[in-house]
Amino acid sequence: MDDHFRAFSFVDRIQPGASGGHIRGSYHIPEGLTEFSSSLVAEAVGQLAAWAAMVAVDFRARPVAGIASRVQMSAAPHPGQTLELAAHLESVDDEAVGYCGSASVDGKEILRLEHCVGPMMPVADFDDPQLLRARHALLCGAGATAGAFKGVPTMALTRTAGENGQMARAILQVPAFAPLFADHFPRKPVFPGSLLMCHQLQLAAAFAKEIPSPNGSAWGLHEIADMKLRSFIPPGSQIELEVKLLGRTERTAELALEGRREGRLVGAARVLLGTGARS
């Protein structure tokens with residue numbers, strides 16, 4: 001079966017009547033999954049904003065990668081739940097889109113994106129514009145059939161070096177072939193930045209256990225800041241990940257995350273940890 005719009009698409013429906021750059025939609029997380037990470041929730045919000053951006057420029061261009069000034073993740077969803085998605089385009093043209101957005105479950109916000117900017121690239125370089133138009137019409141009409149997403153492939157994350165409580169390094173091996181590349185994107189396969197961030201956060205979570213915390217309580221993720229995806233990552237790439245402790249107080253710790261391919265920076269962010277939050 002064709003994996004286009006199935007292997008890495010996280011908007012099932014778009015509510016009609018969007019105006020003033022506001023758009024709402026939803027995505028039902030398939031029941032059969034073992035998990036659906038907060039990074040994929042952020043991807044879903046970004047995909048909703050991408051649909052609005054493509055419509056605004058008549059499908060000439062689409063956003064790819066970009067920058068998020070702040071990402072707040074307050075809870076993780078569970079398979080079987082429905083994400084209520086919202087986005088607001090702050091600006092859009094053929095060069096770039098600026099937007100913010102959120103995701104909620106049962107009316108409770110679980111993720112927020114603030115001050116995001118995505119460079120707009122020619123649609124035809126990545127996908128078939130006519131297929132995208134037809135998909136958008138479906139999402140705004142009857143909606144897509146839920147349950148198509150079967151999860152992402154398991155990727156080896158191998159710890160390679162570190163200094164206890166100060167720094168950690170690991171290698172992420174991106175698969176050369178995977179169903180998600182038929183969806184992201186059919187004409188130019190690109191490893192999703194949301195999956196890069198997912199694995200960076202996995203390394204950060206493991207590293208956080210090495211940092212002493214008040215009263216021995218566990219560190220939890222409070223927010224991600226200055227997240228930047230700087231270049232495309234092709235299938236089969238090997239990514240060197242690094243997390244460093246920038247500083248800490250009685251109740252918080254700040255980490256720097258970096259990802260490099262062949263020595264060149266492909267993604268970076270800062271992470272604020274605190275006590276009493278979800279890890």
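Mentor: Leaving aside residues up to four places away in sequence, A96 touches S91, G118, P119 and M120, where contact means heavy atoms within 4.5 Å. This is a predicted model, in which local features need pLDDT of at least 70 and side-chain atom pairs count only at pLDDT 80 or more, while totals for chains, interfaces and linings use all residues. Residues are numbered from 1 along each chain as its sequence is written, and side-chain values use heavy atoms, with hydrogens and water left out.

A96 belongs to strand β6, residues 96-105; helices (H or I, at least four residues) and strands (E, at least two) are DSSP runs, numbered from the N terminus. Its relative accessible area of 26% makes A96 partly exposed, the class between buried, under 20%, and exposed, over 50%, with a 1.4 Å probe and protein chains only. A96 and A53 are separated by 43 residues in sequence, yet their C-alpha atoms are 9.0 Å apart.

Now to the aromatic rings. A pair of aromatic rings is described by the distance of the centres and the angle of the planes. Rings of Phe, Tyr and Trp (its six-membered ring) pair if their centres lie within 6.5 Å; planes under 30 degrees apart count as stacked, over 60 as edge-to-face and the rest as tilted. The count by this rule is eight aromatic pairs. One of them joins F126 and F185 edge-to-face, at 5.3 Å centre to centre and with 75 degrees between the planes. F126 lies in the loop between β7 (108-122) and α2 (129-140), and F185 in the loop between β9 and α3, so the pair ties together parts that are 59 residues apart in sequence. Both F126 and F185 are buried.

F126 also pairs with F232: the ring centres are 5.8 Å apart and the planes stand at 80 degrees, so this pair is edge-to-face. Because F232 sits in the loop between β10 (219-229) and β11 (238-248), while F126 is in the loop between β7 and α2, the pair ties together parts that are 106 residues apart in sequence. F126 has a relative accessible area of 1% and is buried, whereas F232, at 29%, is partly exposed. At F185 there is a further feature: the peptide bond from H184 to F185 is cis, with omega near 5 degrees. The loop that holds F185 runs between β9 (167-173) and α3 (193-208).

Elsewhere, F8, F10, Y27, F36 and F149 form one aromatic cluster. F36 is also among the residues with the most contacts inside the largest nonpolar core, which has 80 residues. Such a core is a set of buried Ala, Val, Leu, Ile, Met, Phe, Trp, Tyr and Cys residues joined through side-chain atoms within 4.5 Å. Its largest share, 11 residues, comes from α1. L85 is likewise among the residues with the most contacts in the core, and its contacts beyond four places in sequence include F10, Y27, A44, V45 and L48.

F59 has a positive phi, near 60 degrees, in a residue other than glycine, and is buried at 8% relative accessible area. A65, in the loop between β3 and β4 (66-73), also has phi near 60 degrees, but is partly exposed at 40%.
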